[in-house]
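Please open the structure in your viewer and keep the selection tool at hand. The stops below say what to select and what to look for there.

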Amino acid sequence: MSREIVLIVEDDADMRELLTHLVGNAGYECVGAPDGRTAARMIVTAEPIAMILDVEMPDMDGLDLCRLVRDDPANRDTTIVMFSANVHPDAIAAGLAAGADRYLLKPLSPRHVIAELREAISERAPSVV
Amino acid sequence: MTVTTTLGPVDARRAAAARYRAAMAEVPQILDLAAEACQAPTALIVVTTGADSVVTYGRDGAAEFPALLWEHVKATGRLTVIDDGRFMVAAPLRHEGHVVGALGVFDDLPRCDGEQTGRLLAAIARRVDEETRLRHRSANQPFPAAADHHDVVSAISHEIRTPLANIVGFAEMLVDTTADVPGSDRRVDAIRRNTDRLCRTVDNLMHAASLQMGQLVGERRAVDLAEIVSRAAAAVGDPGDRLDVRLPGDPVQVLADARLVQVAVEHLLANALRFSGADGSVAVSLTAEPAPALTVRDSGPGLGADELGSLGTPFVRGAQARDDQVPGLGLGLSICRGIVHAHGGALSLTSPPGEGLTARITLPEFDKHDDALEGAQ
């Protein structure tokens, strides 16, 4: 049986590598994208069970990508976890309003990121950490 | 709906003249320059002040610019030379495409150099126009419009938090890969602790910047101050069990943004723990009557009256903090005060001789009348 895919959308290469490693160790198959537009194309073929999105990215940011994903009924069950350095309450509210299941604030221990990812996948209930 | 008003030609000229006058006041020695260059005993400037009114600027303050000469310059927009017994030359002054005034030189004797003097005066007038335009522009130039403060603060936060997130993440990976290396846990823990410290510093700077800009964002609702104090106590950490927290059995309802008030309380508790010393204690008590009030009393050396007055000013630190190299920027109490004030509350600091520092926060009590406010925000 093929492993479940998590799409990691992050313009910071170090963070993308880190998340890919950790999510991979958590038992998921990982694919990465450096920007929202690339990720939007990859979703069609990868059909990820979940996405970890940075918010501030070039060429389609995380908010627009999130809305795009949520507008497509085919992605109804895709879990979206935003992992952002923007800690402003307005930014958090905007992320959740765009359809994210979680809005995690950087920096956060990768173990917590994985725990939140697992939990979000299982329940898809909006919350802020 | 946006309403745009377009000025008519008279209004526009009047407005341009007003701006010209304001800027021209900064241009020094125009009259001296014109009189000397044209070898004329008198130089005057006339500038429009209304539809039919003008003001004359002269060195002696009494002379009036000849009305007929001004009317001619205004009507034609051209250099005008009159040499019929009394010598008069006037060059138009322009601003934003309008003739807003004239620069003139006058001599009681007839002269034969009208054309040459006119060219010279016109050149001076153009120079005055240019100088005035530049001064007007520099005086009215807004600061570069990068300043959506929210964007600036967010960008700074992003630029610091992103590398910190990488450091935290890779440090955690090191724990797994160096588990059998003696001392690695301790080193990774040091990375984590220092990263946490940097994060707190960033948070403090962001809160301070938001307060400074008047852009503290929060959502006020009915919250239990006792619960906030409990959460704050847990967040600051108290491994030595030095916090003596006494909370009432019933909730203490206040109208507040819980997240922000928790930040304020955390600063008070962290400060008190820091300055009480390793063996000191911190007494924390919360009361609901007559108004919700939180009191935090440390067992440190306290502060003198001078220091007490300046405490809570951003980046101002007490002598002990400076002498003992206590980590921090001197923002905690100012952030605390700013948050409390933003909620309509107050922060008071007292330090009786021989006792520690006592900080007291009062916040407006929530009552049913606040329901409407709560719903509106």
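Predicted model: local features only at pLDDT ≥ 70, side-chain atom pairs only at ≥ 80, totals over all residues.

Residues are numbered from 1 along each chain as its sequence is written, while chains are lettered from A and ligands numbered from 1 in the order in which they are written.

**Where the chains meet**

Show both chains: 17 residues of chain B are in contact with 18 residues of chain A, contact meaning that the C-beta atoms of two residues, placed from the backbone, lie within 7 Å. On the side of chain B that touches chain A, the elements giving two or more residues are helix H5 (149-177) and helix H6 (184-212) of chain B, and H5(B) gives the most, with 14 residues. Helices (H or I, at least four residues) and strands (E, at least two) are DSSP runs, numbered from the N terminus.

**A helix of chain A**

Next select helix H2 (residues 36-46) of chain A, whose buried residues are A:Gly36, A:Ala39 and A:Ile43. A residue is buried if 20 or more other C-beta atoms lie within 10 Å of its own, exposed if 12 or fewer, and partly exposed in between, with C-beta atoms placed from the backbone. Seen down the axis of H2(A), the buried residues fall within an arc of 50 degrees, so they line one face of the helix; the arc is that of the directions from the helix axis to the C-beta atoms. On the other side of H2(A), A:Arg41, A:Val44 and A:Thr45 are exposed.

**A loop residue**

Now select A:Asp54, in the loop between strand E3 (50-53) and helix H3 (62-71) of chain A. Is A:Asp54 buried or exposed? A:Asp54 is buried, because 28 other C-beta atoms lie within 10 Å. Leaving aside neighbours within four places in sequence, the residues in contact with A:Asp54 include A:Val9, A:Phe83 and A:Ser84.

**The largest core**

Finally, turn to chain B and select B:Leu225, B:Val229, B:Ala264, B:Val265 and B:Leu269, which touch the most other members of the largest nonpolar core, a set of 40 residues. Such a core is a set of buried Ala, Val, Leu, Ile, Met, Phe, Trp, Tyr and Cys residues joined through C-beta atoms within 7 Å. The largest share of this core, 10 residues, comes from H8(B).
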